[in-house]
Each structure stands twice: as structure tokens, then as C-alpha cells.
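Hello,

Here is the structure we talked about. Please open it beside this message and follow along.

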Amino acid sequence: MQVSQRTRTAALAASAGLLIAGFGLGAWQSLSVDGRLPRLALSYNWWMKELAAKGDLERVIEQRRIAAAIDHNSSVPALQGLAAALQQAGRSEEAIEAFERVLALIPNSVDTLNNYAAALSGLGRHSAAIAHLERALELEPDSELLRENLEVLVRHRRELAHTRLAQLRAALEESPGSVPIANELAWILATHPDADIRQPDEAIGFAMTATQTGGDRDASVLDTLACSYAAVGRFAEALATGRAALALAIRGNDADLTAELRSHVARFERGLPVIDSG
Amino acid sequence: MSQVPAARPLTSSLAGRSFVHPVVDYLLVGGGLSLIVIAVIAVRGSFQLSFSGFGENVSLMAPLILLTNSAHFASSTVRLYTKPGATQEMPGLTLLFPIVALALLTLCIFEPESLGGHLQSLQMTWSPFHYAAQAYGLSVMYSMHSGCRLGTVDKKLLRWVCLLPFFLAIIQPTGTGIGWLLPASFLNEPDVTRALLATRQIISILIFATPLLLFAKVWRSASGPMPLISLLVIVTNGVWWAALTYRDAFVWATVFHGVQYLAIVCIFHVRDQRAANSPHGALYHVLRFYGISALLGYGLFNLLPYAYVFAGFGFVESMLLVVAAINIHHFVVDAFIWRLSRGSNRLIVDAAVPLPG
């Protein structure tokens, strides 16, 4: 390809001009904002710290999100930074998503498991939070911090359950025929992760009440009864009731509920009760 | 036409011919220095080969990156535009490509999470290929310079051997190489994960075994042995990618790849200037060339991102994507300016091949 001298000069001048203008603007920007020429830095972390120090959390999150999308070289720290910023901003659902992406990359990160548990707990998902803290403790059994966090969460979950049970019992006295109240009472008493909360015999009673007062056409209510049977080891009845609940869920086209009930039936088939890990 | 030496002493054939001095060539161009440094770091353990380790040494690492890595990226551009007649011989590369690269960079900064991510993935996938190509080029260059005329088959084998670290580097689950090109759902299948792990293990062994086998094969051929520096260059690139973690490899490989590159580009620049009858000495040309490269490196890597910040973009996408674009520009430029088959490069490599004794 033959290019005239004039074209060559023009193209070179354009490239050089753009570059020099870019350098000049860059220097001017840095001098005017930071009062100095750009620092020599290996990463953008200093920039995040400065944004955070200014309290511009939304901008931190936006920049962290971009870093997580681009920076494949440091995808773990980028995602950890994003999760932390989201949690700090109180955007727990998004923080949980970010923590899950970190854990997909480094499943045995104790710090991430601990922070993830905190985010889950913040959303009231105490059992899931406890499960992740327990996993973290398996990885780092000597950690006092993890042990304390776990104890606090377990205690908190137990207190919440006691409070909720008291509220439900009082409510049921006022409305003895309430299916949702009887169902929730039975569910907690049958499936709570803490053994001292579970009262399976009582759970069967409340679940029967719920089914006999109209709940027998509700897949969730039947499932509670099935779980209550399983909690006392009556797996044949659990299986029959669980299958009836599953059939109702399938007829109702509820995909999430169907999947959950399928997993319950599978447990009954193996002679296992259901524990609420939510 | 240059003459091929008939029979040279074995020690001389193995040592090869250096461009500057054997110590300089073996340590800087051959990558010997990187092996020493990596060994010292690995033994001491006080200087962790990880990013967190670097985090405590930012003040040392950042200038080191500027003086090696940034300067090396800029030096290919400096060499391109200081090469006599480059704009006439390569108008697309010298005149059009910079503007296209700048436009593409700007477009990616506009859409950082979609386009920008791909630019970064392209850069990270191309990097180990570029290093492999450099290892191959240097290995052939030292062989030619030392009078070892590799046959066509040996050159092909050498290319495949040099590409092994690249194959190892692109077997990544996320973001890079096959992790960029193939869906994560497929790569996370247990069978696929197991197969990839096994492949990585096999390649890791081949990275160190095949250079030795090829070295032995070439030794037995008519060309006689390759110089050891040709072997060292290949092994060094293998160590960078096989012995270090992926992230460490990206940091340390770029530092020592930069050192290697700066050394050889300065050698060629000085030879070019001498051929053009420059009145100045070698030191003048080295310092001038390196100084311009370091300054341009500072401008490209440190000032240019701020120009995008000035235009209203975030610092993160500006910094990361400017780096990615400079890398890719460098890879493309390099593919053209180091062709050994013709021009002044060939003259420098062939120059003063020892005559038959």
C-alpha cells in the first residue's frame, strides 16, 4: 500500500496530537484534583479507599461492580470488595449474591464464609448463616471469632423461635380455626434445627388441626403434616401425606414448591426427617 | 549470504554467541535473573509471591513495574517509530492502527462491563501467547546468531514446545482463555473439571520435558547443538507459567519478560543506529532509547487513564482498559517488528557469525 508523504505526516500528527493531548489532560486532571502527578500504583485500590473515605458509597459500589466485571486477574478481591461495599450500604440481597460468586471461586475462604453468614443473618436467614459458620469452623477450628459468632447466632435463633412460638400460640387461642397459624406452629415444632425447640408430637396435633380446618387442599399444609410424621419416625404416613402434597403442588404449577416437596419426599423415602435450614 | 560454521568446539557451541556479553545475555535476555530471583523468593518465603505480599511492598513494586513492564510496552512503539522507513513499509501499523486502537479503547470504556470485560479477557489470553512467541523468537535468534541453523521440522517442534506454557495458561475456569470462550456451566461439569486438571498436569510435565528432548534431538542433527541460552529462554518461560500461580505469573512474568524485552530491543536499537552510522556510542543510544521508553510508559500507563477520568469515566475502567489496550497494541506491533526473515533484524542476527575455523 502506497501512502503519500502528506498523508503519513497528517496521520502521524493526528496520533501524536491525540496522545499528547491525552497525556496533558491526564496530568492536568491529576494535578487539579490530587495536587500531584499520578502516583505509581499497582492497582485501583487506593482509588476505592479515597472514594470510601469521602463517604461516596454508591460510587464505590459502581466502581467495584465494574472492577468485578473487568478485572479477571483479581476477580476474587474485586468481588470481595463489591460484596463488602454492598453489605456496608445495607444492600444485603446483592451482597449475598456477590459473596456467593466469591465462594464459587474460593469455597474454603473462612473470611468470606464469615462475612456471608453475617449478610445472611442480616436478612433473617439464620439457619443458613449458622450452616456457613459451622463450615468455616470446620476449616478453622481454633478461631475464637467464628465460635463467638456461631454462639451468638444460635442463641439468637433460639430466642427468635421461642418468641415466635409464644406469639403463634397466643394468636391461635384467639383464632382457633386459623390454618396459617396452626401450620406455622406445626412447621416450627416439627422442623426447627434446634432439638430443644422441636416438639414433634405437638406438631402433629397442630398440623392435623390445620388440615381438618380446610388445609387439606393446601400442599404446604399437607407437607407440614408429612414433616411432622417424619419427625416422630412415622415415615410410611409421612411418605403417603408427602406424596399427596406433591401431587397438589404439581397440579398447582408451583415449580419452587414442587421442587421443595420432591426433596422432602426423597428424604422420607430414605427414612430421614426434614430440618428447616432456611 | 552468510556462511555456516563447519565444526566448532562443543563448549563454544553450547555457550553460543552473545550479543553483549555472556553474563548480560544469559541473565537478562535468557531470563537467568528471573530464575535466581524466583528461587531466592521461594526459599526465603519472606517475600510472598502473592498480591497480598506485594500489597506490603507497593513502594518497591510500583517503580519496578514502571521501569520494566511499562517501559517495555512503550519500547516497542519507540522502536517502531525510530526504525528508518517504518511508516513507508508498514503504513497500516504505524499510521492507522494507533487511531483504531484509541477508538476501540474509548468504546470499551464507554461499555466497561460488556465490551471492557472482553478486551481484558483478550489481553489476558493473548499475553501468554505473546510470551511464548517471544521465547520462540529469542530461541531461534540465538540459535541463528550462534550458527545453529535449525531445520524446518526442528523449528516447528520448537514452536510447539514454546507454546506449551500458553496452553497451560489458557486452561482457566473463568475470564481467561477457555474460561472466556466456553460457558462456565460446561467447564464446571465434574468430568470436564477433572479432564482439564489432568491436562494441566500433563502440560506442566511436558513444559519441562520437551525442551530437553528437543535440545537432544537438535544436538544429534546436522545443525549441531542449540546454544544453551536458547534452551534457557524456553525453560524460563515455562517456569513463569508452570511454577508460579496464575496471578503471580502475571506479575513476575511481566516484570522479567519486560527486562528480557528491554535488553534485546536495546541491543537491536544500538545495532540499527550503528548501521545508520550514528556518531554516538552504545551507552548514549541505550540511555536515550530506554529513557524515552520509560517516559512514554509513564505517560501511557499513568497519565492516559486520567484523561478518561477527566472525560467523566471512572478510574477503574480507565486504568484497567488502558492497560489492556496498551498490551494488545504491543502484541500487534511486536508481531511485525520482530520478523527475522528479512530486513535489519536478519542482518543483525546473521552479523559476524563465526567463520569456519
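Which helix of chain A gives the most to the negative patch? It is helix 8, residues 144-174, with three residues. Before going further, please note that this is a predicted model.

**The negative patch**

Six residues form this negative surface patch: D111(A), E140(A), D142(A), E144(A), E148(A) and E151(A). E148(A) sits in helix 8 of chain A. How accessible is E148(A)? Its relative accessibility is 46%, so E148(A) counts as partly exposed. The cut-offs matter here: buried means under 20% relative accessible area, exposed means over 50%, and partly exposed is in between.

**Salt bridges**

Over all chains it finds 14 salt bridges. Three of the pairs in chain A are described below.

Take E62(A) and R59(A) to begin with. They form a salt bridge, and their closest N and O atoms are 3.1 Å apart. Why are these two separated by about one helical turn? Because they are three residues apart in helix 3 of chain A, which covers residues 57-70. E62(A) has 36% relative accessibility, so it counts as partly exposed. R59(A) is also in the partly exposed class, at 23%.

Next, look at R91(A) and E94(A). This pair forms a salt bridge with 2.9 Å between the closest N and O atoms. R91(A) is partly exposed at 24% relative accessibility. E94(A) is partly exposed too, at 30%.

Then go to R169(A) and E202(A). Their salt bridge has its closest N and O atoms 2.4 Å apart. This pair links distant parts of the chain: R169(A) is in helix 8 of chain A, E202(A) is in helix 10 (residues 200-212) of chain A, and the two are 33 residues apart. R169(A) has a relative accessibility of 31%, which makes it partly exposed. E202(A) is likewise partly exposed, at 31%.

Which residues are joined into one network by salt bridges that share partners? They are E58(A), R65(A), R91(A) and E94(A). R91(A) and E94(A) are the pair with closest N and O atoms 2.9 Å apart.

**Cysteines**

Is C162(B) buried or exposed? C162(B) is buried, because its relative accessible area is 2%. C266(B) is buried as well, with a relative accessible area of 10%.

G24(A) lies in helix 1 of chain A, which spans residues 5-34. It has a relative accessible area of 40%, so G24(A) is partly exposed. What separates the C-alpha atoms of G24(A) and V102(A)? The separation is 39 Å, and the two residues are 78 residues apart along the chain.

**Where to look**

For the patch, go to helix 8 of chain A, which gives the most to it. For the link between distant parts of the chain, show R169(A) and E202(A) together.

Best wishes

Key:
Residues numbered from 1 in each chain as written. Chains lettered and ligands numbered in written order. Predicted model: local features only at pLDDT ≥ 70, side-chain atom pairs only at ≥ 80, totals over all residues. Heavy atoms only, no water. Patch = residues over 30% accessible without salt bridge, like charges linked within 9 Å, V, L, I, M, F, W, Y side chains within 5 Å. Areas by Shrake-Rupley, 256 points an atom, 1.4 Å probe, with all protein chains shown as cover. Salt bridge = Lys/Arg side-chain N within 4 Å of Asp/Glu carboxyl O. Lys, Arg positive; Asp, Glu negative; His and termini not counted. Charge placed at Lys NZ, Arg CZ, Asp CG, Glu CD. Helix = DSSP H or I, 4+ residues; strand = E, 2+ residues; numbered from the N terminus. Buried < 20%, exposed > 50% of the residue type's maximum accessible area, 1.4 Å probe, protein only.
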